[in-house]
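This report describes a predicted model.

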2 protein chains.
Amino acid sequence: MEFSPVSQQDLPRQIADQIRQAITEGSIGADERLPTEEELAKRFGVSRPTIREALKRLAAQNLIRSKRGPSGGTFVNRPDLVELGEELASSTRLLVGLNSLSPEEMIQCRLEMEQLCAGLAARNRAEADLSALESALAQQRRFIDQPEQFCRADVCFHRALVDASGNALLKLLMFAVIEGLQPVSNMIVFRYPERDLIISQHEALLSAIRAGDETAAREQIVRQVETLAAQMRRAQDESRRSRA
Amino acid sequence: MEFSPVSQQDLPRQIADQIRQAITEGSIGADERLPTEEELAKRFGVSRPTIREALKRLAAQNLIRSKRGPSGGTFVNRPDLVELGEELASSTRLLVGLNSLSPEEMIQCRLEMEQLCAGLAARNRAEADLSALESALAQQRRFIDQPEQFCRADVCFHRALVDASGNALLKLLMFAVIEGLQPVSNMIVFRYPERDLIISQHEALLSAIRAGDETAAREQIVRQVETLAAQMRRAQDESRRSRA
DNA sequence: CCCCGCTATTTGTCAAACAAATTAACAATA
DNA sequence: TATTGTTAATTTGTTTGACAAATAGCGGGG
């Protein structure tokens, strides 16, 4: 493992970029240990706090983790799709919070992508997928009067749908669409009592998927997302009215 | 801006999480200045290097930037969709590099999502979108004998298609699918000389979008992605054969 | 008005020291 | 022999203090 001397500008960033490059290239594999902080400081010709700042950059990107003790050190993280997905969901919420992304765009994207997932799920689903969907639906029925738990089960249902698509990259990207939209859908579930409608829509979707009926599955998604969009518009109108 | 005292475990991470939360909630707006490192150290009851380590975490996520001098300090970054997208593409390539994601899954995802984008582009495109597509296509024609530039123009064409969909979240997510697949598609462009086929496929797609013909646009995507998939299988077979 | 030098401010980096967590090795005991 | 307890060594985690680098603003001179 060879690192080149670094120039005088933003040392931690440059060091982090070099280490990141080595990881991305596979020069250091997942779960492998990097040299000690002291050794890295020697190799890069900088101080140990500078190395630590660089390592914090990498830690923030979940590329490494650290541990104390004689068998401790800094280790390369095995990339975790769920972690990356949660980061993506968080970034999406940030974009919404800072008005770089509108709720309408998110809904449109959800309408399109969830149809896609439903179609793939109807085509590809296994028995375990159906069980997961049923289980999430049962939780929704159970918690119909407890909004917080209902929301959680709702996300589980949609997550199970995405998992049933059988495509790992879609699983990742749908974090933006499902978990990223969670604050909005939570707000709606707390505000409006039509949870039985949500449940019956999910039941119809589950039936279509069980039957392998791609067209019906897609149609059910259109219905659900249109319901969600209508509720969201209603909430926005009410907010505007209470502010005028 | 209130921060609570932090417990004794992984201080920089906890501090970074609190600041990130304040940013996501909008308590600190884009381009606003955070307190000085010295002031933050006082408020959190920790040392300045610990604050610096926390800030490096936030910098790694492009949430903040720093500047020296009397009007310097730490500023909240305006979230940039392209930066987030490039990060997503990079994470996707890492997943592929470490075999957590297969090229086949990426191709499947591309087939589905690019059809979606083509459909939306046919419906939503503006004159500027058509110009961008034409321009990218002209670059591809120009560089048909220069693989590197051809690849760059190819990505520009696909990027223009995604932009023509008019949905910001899709723009973000498609970084995983277009730019994330770039090493693979570059390899194919370098290896196989059927660049004129790619160009004619892009021409047919552009015509369909100009005509607002959603069905034809989707069909063109199916053709293109199937060509890409076939070339990829060919490359894998050749690799396997040269290893046996 | 423009240019230059100086000062103050803030981040960037380094050095040194000590604390905290952890593992491995060794000793004692049953 | 197996188990438990203790100690030393190792690595990361945090603090203190000092100085360097970059920068903006202000004042003075041409």
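In this predicted model, 44 residues of chain A are in contact with 45 residues of chain B, contact being heavy atoms within 4.5 Å. About 4200 Å² is buried between chain A and chain B, 65% of it on carbon and sulfur atoms; buried area is the accessible area (1.4 Å probe) that two parts lose on being put together, summed over both.

Eight salt bridges are counted between the two chains, each a side-chain nitrogen of Lys or Arg within 4 Å of a carboxyl oxygen of Asp or Glu. In one of them A:Arg123 pairs with B:Glu112, with the closest N and O atoms 3.9 Å apart. On the side of chain A that touches chain B, two or more residues each come from α1 (11-25), α3, α4 (81-97), α5 (103-124) and α8 (168-177) of chain A. Helices (H or I, at least four residues) and strands (E, at least two) are DSSP runs, numbered from the N terminus. The largest share of this side, 10 residues, is supplied by α5(A).

DNA strand D has 25 residues around it, of which A:Arg48, B:Ser47, B:Thr50, B:Pro70 and B:Ser71 come nearest; a residue is near a strand if one of its heavy atoms lies within 4 Å of it. Of the DNA strand D atoms within 4 Å of the protein, 65% belong to sugar or phosphate and the rest to bases. The greatest contribution to the surface near DNA strand D is made by α3(B), with three residues.

| Protein atom | Atom of DNA strand D | Distance |
|---|---|---|
| A:Arg52, side-chain N or O | phosphate oxygen | 3.2 Å |
| A:Gly69, backbone N or O | sugar or linking oxygen | 3.1 Å |
| B:Leu11, polar backbone atom | phosphate oxygen | 2.9 Å |

B:Glu114 lies in helix α5 (residues 103-124) of chain B. B:Glu114 counts as buried because its relative accessibility is 0%, where buried means under 20% relative accessible area, exposed over 50% and partly exposed in between (1.4 Å probe, protein chains only). Leaving out residues up to four places away in sequence, B:Glu114 touches B:Cys109, B:His158, B:Leu161, B:Met174, B:Ile178, B:Ile221 and B:Val225.

Residues are numbered from 1 along each chain as its sequence is written, and chains are lettered from A and ligands numbered from 1 in the order in which they are written. Local features need pLDDT of at least 70, side-chain atom pairs count only at pLDDT 80 or more, and totals for chains, interfaces and linings use all residues, while side-chain values use heavy atoms, with hydrogens and water left out.

How values were computed
A polar contact is a pair of N or O atoms within 3.5 Å; within protein, one must be able to donate a hydrogen and the other to accept it, and residues adjacent in sequence count only if both atoms are side-chain atoms.
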